[in-house]
Every structure is written in C-alpha cells, then in structure tokens.
Amino acid sequence: MKRVLLLLAALAAFAPTLQASADGPPPVSKADIPVFHEEADAAGLHSVYAGGWDYFVGGGVASFDCDGSGYPSVFVAGGTNGGKLFVNVSKHGGPLKFVEKKDYLGPGAKPLTEVVGAYPLDIDGDGRMDLVVLRNHGVTLLKGGPGCTFTRANALWNFAGDPGWVTAFSATFERGQKFPTLAFGHYVDRQAPGSPYGTCEDNSLYRPGSGDAPDYSKRTALRPGWCALSMLFTDWNRSGVPALRVSNDRQYYRGGEEQLWHVDPGKPPRLYTRAEGWRHVSIFGMGIAEGEFDASGYPEYALTSMGDMKLQKLDSSEGRLGSAPVYRDVAADRGATAHIPYAGGDMKPSTGWHSEFADFNDDGLLDLFVTKGNVDAMRDFAAFDPNDLLLGQWDGKFVEAGEQAGLALDRKGRGAAVDDFNLDGKLDILVVNREANVTLFRNLGAANPGGKPLEMGNWLEMRVVQPNPNRDAVGATVAVKVGTRTMVRKIQVGGGHASGHLGWVHVGLGTSERAEIRVHWPDGEWSAPYRVFANNFVIVDRTKTQADYWYPGR
Amino acid sequence: MGFGLRARLCAAALSAGVLAASGAALAHSWDEKVFSSHVDFAAVAAKGEAAIPALIERGRQLFKAKFTEADGAGRPLATQAIVPTLRKHGRNPAFTRTSGPDSSACASCHNEPVQGGAGDFVANVFVSEGFESAEFDSIDPSFSNERHTPPVLGDGLLELLGREMTADLRAERDAAIAKAWATGKDVSADLVTKGVRFGSVVAHPDGALDVSRVEGVDPDLTVRPFSRKGVFGSIRQFTINALNVHHGMEASERFGVRWTGSHDFDGSGVPDAVTPGDVSALVAWQATTPPPIERADLPADWEAAAKAGSKAFEAIGCSSCHMKTLPLKSMVFVDPSPYETAGTLRLSDVKEPIRIDLAKQPFAKTLKRDAQGDWLIPLFSDMKRHVMVDPLVNSLGNELMAQRFVARDTFLTPRLWGVGSTAPYGHRGDFRTLDAIIKAHGGESRFARDAYLSLPEDGRQDVIAYLRSLQIPEK
C-alpha cells in the first residue's frame, strides 16, 4: 500500500512547528525522568502483531484484572497470530512476570484469530470483566468467567458481530440503561469498488435493549464513516451527556474530517455541525487521548497522526467556554508536536498511533505517552521512530524524555497499555509492535546518573465502584485534590489505538502526603470527599463514606 | 553569639568535614548572614560517628540563627503550605504575625526555659493549611488555629518511639491481610503497640482493608508524634515545614527544582536556600536534646506531695493516656526516617543515611531500662489522638478548622515531661495553671478529670506537685 502525496501534506502540516523548533538544543526535563527496563521476554510475554496490509493498522491490548488478584493481566492482539491472554503473576514491586493462558476460551478451544484490538468492559454487570475484541472481520464479545476464562457471548447478547473491518471502540452507560452503549469504528470497505480509497465503512452504535440481559440486536449506523482508528465517549462540555469523538485516517477518506457526534439518550445520534462550532480538521487520526491540564472540567485531547500531533484545547474566544466545540491546537506552544523522531537521526516525519495521558513520574503533572512506528515500509516517513515520553513541566510545557527513559527502541509501535503491572505505584508500559514482539517497559524510578533509580513522587491508585448498573463507574470523573491543585482522571472505555484498560486509576501526588478524592458519578451526583493517605491503593465505594485501603496478596 | 564566635564555629565544623564550602564566604566577621556555607549530607553520612558532634553543634547554631534575606528568608512569592504553593498575587512582606513568616529564628519562640523549650502565650503561632485564605491578617479562628509553642526537647526519642509503633501496627495489619488472602476469609486484627491500642482493622479476602475502626492514628497506621494534632511523623518533616512557615526558608528537598521546577520557588533570590545537610543539622540537634526530667532535689514537702501525687496520677486514670513511660528497643536514630514520603528526604534518596546513637548521649544515663533491656522513655503520653471535648466540658474545643484530616476537637496526648516548666497549658496556651488545664479535660479524658475533681484539695495538690516536678533542666 502506498500513500501518495503523503509527505507533502504532512510537511505542510508541521512546517510552522519545524521553524519554531529549528534552533538550539532540545529542552531538558526539570521533572524526574523515569527509567524503564524492557523485559517482555523475561516476563514471558511473547506476542507479535503480524499480517499483511489488513494489519497495518490496529495492534491493541486490553489490560484488566481477570483473576481478582488486583494485578492487571493483558489480552494482546496478534493480528494473524490471533489474540493471546497473559495472566499477570508478578509480585509486588518486583520484575514483571506473565503466564500465557492458552485455553482462555475453555479446554480445547482455539484462541481468537484475526484480532486487531481489545477493550475491557463489564458488559453484563456481573463483576467479572468482559472483553470487546475488535477483529479484521467483525467483533467478538467475550463474557468473563472465573480464573481468567471467557466464553463467546455474541449470541448470548444478541449481537450480530458488527461485520466489517473494526478498528475502534468506545462505550458509555447512557442514563436509564442497564447496560452499556457500544460504538464501533470501522476502517476501509475492502469489497467496495475503488477500494481502498474513498471506501470507508459506516461506523456503528448499539444501544442495549430494555431487558434484564444485554441485548445488542439493534444497530444504528453512524454515517458517514471516515475510516475511524480511534473513538471516545467524552463529556467535552461538562453537560453530563458524553458525545462521541471519532478520529479518522485521512489517507482513505474523501471529504472526511474529524468527527464529534451528539449521542443524547433516547435520540438518534447526529453529528456536530459547523453551525454548532465544529471545525474541519483533517489528520491521519490514529489515537485519541483525553486529559485535563488545569481541572477546568473541559478536557484537552491529544490526537496522533503522521507528522505533527494535535493537542487540542477548548477555545474560549468564541462565546462561553463549553458553548461550542471549537478547539485550538496548542501542541506547538506546549512543546508536544513530536513530529520527528527525537533519536536516531532520521529527520523524516513520525507516525504516531496510541496516545495516553498519565503521570509517569508521580510529580502531579500530566505526561503524554505516544507510540510511534512506520506503517510498514513507508520511505517518506521515519523508519526508526521511537515512542515518545513527553514529560509535563511546571511551566505547562512538555519535554521529550523518551531516550533518557530507555524507550528509544527500533520497533513499529501500535497500541499500548499504560498500567501498574507490579503494583508499586509506578506506571509501566506495554506496547504492541508490528512484526516484532511486544515491548514491556517496567518503570524503575527516577533517573539517577551513577546510582540506582530513585523513588519518585507520592502516588495514589483508586478503584471506583458503585452499585449496578455501571458498577465500574464508566464515565465518572475522579478529582484528586492536594493543596490548591486538583488532578483529574476520567474513567473511560475507548480511545487510544485499539487499546484500553480498566481497573486502578493512578494519580501522582508530588510532595503531598494526603489527598482528598471526590467523584463526579456518571449520573451527575458528586460524592462527599474521601480523605486518603498517599502511596496507597484505595477503593472508593459509592455506598461507603470512607475509602477502604487495599493491599496486594503477593 | 559573641564576636567572631560564628566564624570560629564554622571553621570548626568545616574542619570536621560537615560543611561544604558552597556558599560565599563571610565578607566580614560581623556579617549578619547565617549561611556562608552549607552542610554536606553525603560527607557527614560517609564520615560516620566522627562527624556527629559538629553536625549537632551546627544544628544548635542554626536553631538560634536569625535568618536574613541574604540567606533566603521571607518567601515573598510562596505561602506557608506544606506542599509548594505560590501566592495568588502580590508579594509577602518580610514578616506577618499571623500567616507568617513570623519569626527570624527557631529559638525566638522555643526558648523557655532553655533553647528548644516552650514559649509563652506571646509566642503562639497561627496554623493554617496555607491553601485557601493563605494570607490572613486576623486571629479569628475561622482563618487559623492558634497554637502554643511546645518544647522540642527529647524529640529524637519521640521519633524513635513513633517509628517502632508504626512498624508494629503495620506488621499487625500486614499479617491480617496475608491471612485473609490465604484463607479466603475476613480477618480482624487488634492494633496494639507498646501497650497502646489503636482500634482494629478487618482484612477481607479480596485485599480490601476496612479501616473504619482504627482509633487515634491515621489509617495509614503511621504514628506521627509531632504537632498538637500528631500530623508530622518526623523531626525532619516538621523542621522543613517550620522553616517555611515561620522563616520563609525553603528546603530544596521539598521546594527545590525536583518538585517545583525552580531552584528559587519562593522568589527569595537565593537558590536552594536550605540543603538536606542543613536540615540534618537541625534534626541532629533536636534529636539529641536531652529529655526533660523528674526533678530530684525537691524541698521535703514538695517531694512528699509529689510522691503521693504520682500514685494519685495513676489511680485516677491520668496515666491511661499520659502513660508514664513507653519502651524503646533501639536508640539508633537514622536520618532520614524509613517512613518519609516524597518532599522530605527519603532513605532511597541518599547513598547512606546519617546514624546517631542516642545511647551514647549523656542523657541516656538518666533513662531506666526494663527487664527486656528496652529503654523506658518517660514521655507521659500514649502517642495517640483522643477526642477532648464533650457537651459539658468543651473549652478545648475552641478551634474551627480541622488540620490534615484530624478533627477540630481531637488532639494528640501531649507529653507531660517538662510540663512543670512550660506554662501556660493547652494547645492554645489558654490555661495558666495545671489545675485549670486538668479541669478542661473532656471527651475521652472526662473520667480522669472527674476523678481529679472528686479528690480532696490535698489530693489535687499532690497531683499538681507531681506534675510540677516534671521539669526542663535550666542547665
């Protein structure tokens, strides 16, 4: 597959950025630089995302607790290599260790094939995490069982599998519904005349039936589809009703753009229009990350692409903040364009895929992780294209630290899971790579030249639960206050690049020894404050006035 | 400090390998600046025991030193908050009696009857979190809690007790958690250390720990011996906070570039004003100050009354909280503490810690030991928080603001060692006499207060005589 005129288009997109950053040495992070140790092989993780053109995109991973241990296990997409489940058997603070569970679909059952990506979600509310598996020809829903086992549930939940090339997913619990609403993003219709150009498939929305069991027999087309590679239900305007953001790959659409859908309860979905403020943005959209820099309630979005990344901030210059979805790209201002590789000397444009905001050094500032990697063998784009670690600084900017952090490997990164795999309070990273084994980066602590890595800032990890429906509080906002600062995390299913995680919600606390948690529950109610001490795992249960603490069993 | 003494002491400290010649040398022997050089933590730790006397001496100097703008005093752009916090607008004046900085030296308040002692009511401070309404010019209790200055003498022993108690409580918790995971059943554990019960926890088989029945200590089970509320776990943590609140001197280990992106967060014009080594000097001096004593050379009538009062003190229940002694296993004070968190120097931040064996301090000879060889620390406290008010006796409930999650009517059992030298009494210093503060005991201590009041006048005087014998030596 060739991408014609790509270089010119990409260069035009980031030319101003290149001018702005042409001179002088790159800035150096004043914040701690976390040091990562790559240990996939030693950890027993062996999975290669492989396949032809049908697998140039995708390559996701789902991380979630499947055995009640509190440790996140992973389901990894392998493309033509199928989907593999690796159960986390790591010990607290130790090296990472996983064991593949080959019979996750039952004794003798073969693993899923043609797996593009996966997201965890407790669809039926039974307290066991289910899996939404995106595949090259449709979707397979897996119902979670005991001991990291799963059963195919498409038939059980009246789901026809959403045929097509499924490359994106997001879920939300709409008001009044017992089960989640599922949105699927599709890529190219390979059977259409002229394929692949101008042949993007429609996307899909499945609202649950009103019965006591999940029923996804009714599909609503999200038309037009513009070759979605990431989608995310997001409450962009603090309305309490999430909209659906879709990031699309301009390589194959004709006349397409980035999209934002109204998904109002009980109403048909409809696109935000120019009249409502939505502006034309056309990128090689691969992954959406949502974060909040300033706890304003109006999130920022990092959109990966080829060439420069977009960092979108709601623009308040046109009317009241939140009245219109008008976004300004602040990536250049914030030092977060990440448009060319920072190491290796290849000055061609980067290709970004998964993006995720998180606090990797526990200093209380949001960082941004982005996977990078050539589509396959595209000469006009960087061949050596390492993943980015953009560390948040106190002046609001980001500084690249991927090389010092040990992330600058020669891989073709795709999806990723940012999670604390050994429950030591430091976020680790699992990256799915095309035509190479996954990379597993264990966070060892802050770089300390000449010495062993240092402990970083204080931290907190929270599990937020409420009674059914929506026991994992998907759509909730968690506000963690220390002093005059508030760190915000959203519990979301979707975004990134074909990858998601659900479980512990991590936040760095910097020098604070204590924190106050408030939860904005999905139904709009605010919790009373939960007061907790740093460097702990806590369970915030809506039915309780005090958080329980939690400790690993190994 | 006498003419030229500062320079001589600095020279002595330098020769002992304690000070790093990182600062500008004193321009004149009469220079008002305190820091011509800073203590090098790594050098002290590497030198070991030989460096400790000079470190302690440096700490003594710093405790009474009057910091100047040239040293970095004043925090013009920052608030008094325990986590780095910038003012919303404007610059802080050099001194502000309420929200601080409110003194130029530690010893400006901690000076009765000796350096490191208590302060009179005039030396009260105003405690606020320093976040919202960080700048206040009123002593209205809706803005801050007014607090009496307690002594810091014997603090090394207190911190060691706190560390051992923390270790015990966490071990009990961890055992319950492990058992719950292993058995698949709920496991309840009483939290008891050194004869003090801190409630209980219930560990569930899914790893969750119910802390709703924990009493008198934070749910992280860290015994924090310092401040009226018991919200500081170490001398080091307290010192960093006090340097910022009271003097506007910001320690780099909390306010430095690693946590703020700036070497001069408070805009004082002096980068990294207080180094980890400087803090260690202050810690070393406070940790090695001799604890107060039970005075032995009393007049005969006082001695007789005090002897009777000692028995009455136990009989009426005072000692249920004001425990006369707590046993301490190890006298080795390791700086930094193993329980520090980010923002205070941690063991993981240093190549090796500073070790001070308090058993080698002269005061150790005055301490008794039990049959197990444990040191009996005569602090007269259980190191636990208690509710001190009830509907009928509530004069200690005069604060409006909780402090770091500790309710307004709840206080750490104050140490009574030295109580005979530290009037006035109570967290605000509202009570001029021991009799008055005893009568103010409500809540969980109400029974002992009532028992005291039921004593005949002579019996009450015996208790007072006993308490008055617990003194801070003036020499």
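**Note on a predicted two-chain model**

1. D362(A) sits in the loop between β22 (352–358) and β23 (367–372) of chain A, and its phi is positive, at about 60°, although D362(A) is not a glycine. As background for a first reading, most residues other than glycine have a negative phi, and most peptide bonds are trans.

2. A473(A) belongs to the loop between β29 and β30 of chain A. Is A473(A) buried or exposed? With 22 other C-beta atoms within 10 Å, A473(A) is buried, because the cut-off for that word is 20 or more.

3. The loop between β29 (458–465) and β30 (477–482) of chain A also holds P469(A), and the peptide bond that leads from N468(A) to P469(A) is cis, with omega near 0°. In chain B, the peptide bond from G100(B) to P101(B) is cis as well, with omega near -5°, and P101(B) is placed in the loop between α3 (52–64) and β3 (125–127) of that chain.

4. Chain A contains an open sheet of four strands, whose order is β18-β19-β20-β21 and whose pairing is antiparallel. Which strands stand at the edges? They are β18 (288–291) and β21 (327–329) of chain A, and because each has a single partner strand, one side of each is left without a neighbour in the sheet. From one strand to the next, the twist averages 25°.

5. Within this part of chain A, strand β19 (residues 300–303) and strand β20 (residues 310–314) pair in the antiparallel sense, over three bridges. A reader who wants to find this pairing in the structure can look for L303(A), which stands opposite K310(A) in β20(A). In general terms, strands of a sheet pair through backbone hydrogen bonds, either parallel or antiparallel.

6. Between the two chains, 34 residues of chain A are in contact with 31 residues of chain B. On the side of chain A that touches chain B, the elements that give two or more residues are β36 (530–533), β37 (536–541) and β38 (548–550) of chain A, and β38(A) gives the most, with three residues. The residues of that side of chain A divide into eleven nonpolar, 14 polar and nine charged.

7. The strand β38(A) also pairs across the chain boundary, for two bridges join β38(A) to strand β7 (residues 208–210) of chain B, and these strands run antiparallel. In this pairing Y549(A) stands opposite L209(B) in β7(B).

8. For chain B, the domain assignment gives domain 1 (3–150 + 231–287), domain 2 (164–210) and domain 3 (293–329 + 374–471). The C-alpha centres of domain 2 and domain 3 of chain B lie 31 Å apart, and the contact takes five residues from domain 2 and seven residues from domain 3 of chain B. On the side of domain 2 of chain B that touches domain 3 of chain B, the elements giving two or more residues are α4 (155–183) and β6 (196–203) of chain B, while the residues of that side divide into three nonpolar, no polar and two charged.

Methods:
Residues are numbered from 1 along each chain as its sequence is written. Chains are lettered from A and ligands numbered from 1 in the order in which they are written. This is a predicted model: local features need pLDDT of at least 70, side-chain atom pairs count only at pLDDT 80 or more; totals for chains, interfaces and linings use all residues. Domain bounds come from an automatic or database domain assignment. Ala, Val, Leu, Ile, Met, Phe, Trp, Tyr, Cys and Pro count as nonpolar, Asp, Glu, Lys and Arg as charged, and the others, Gly among them, as polar. Two strands pair if DSSP finds at least two bridges between them. Axes are lines fitted to C-alpha atoms, for helices over the stretch in contact, and angles run from 0 to 180 degrees between N-to-C directions. A residue is buried if 20 or more other C-beta atoms lie within 10 Å of its own, exposed if 12 or fewer, and partly exposed in between; C-beta atoms are placed from the backbone.
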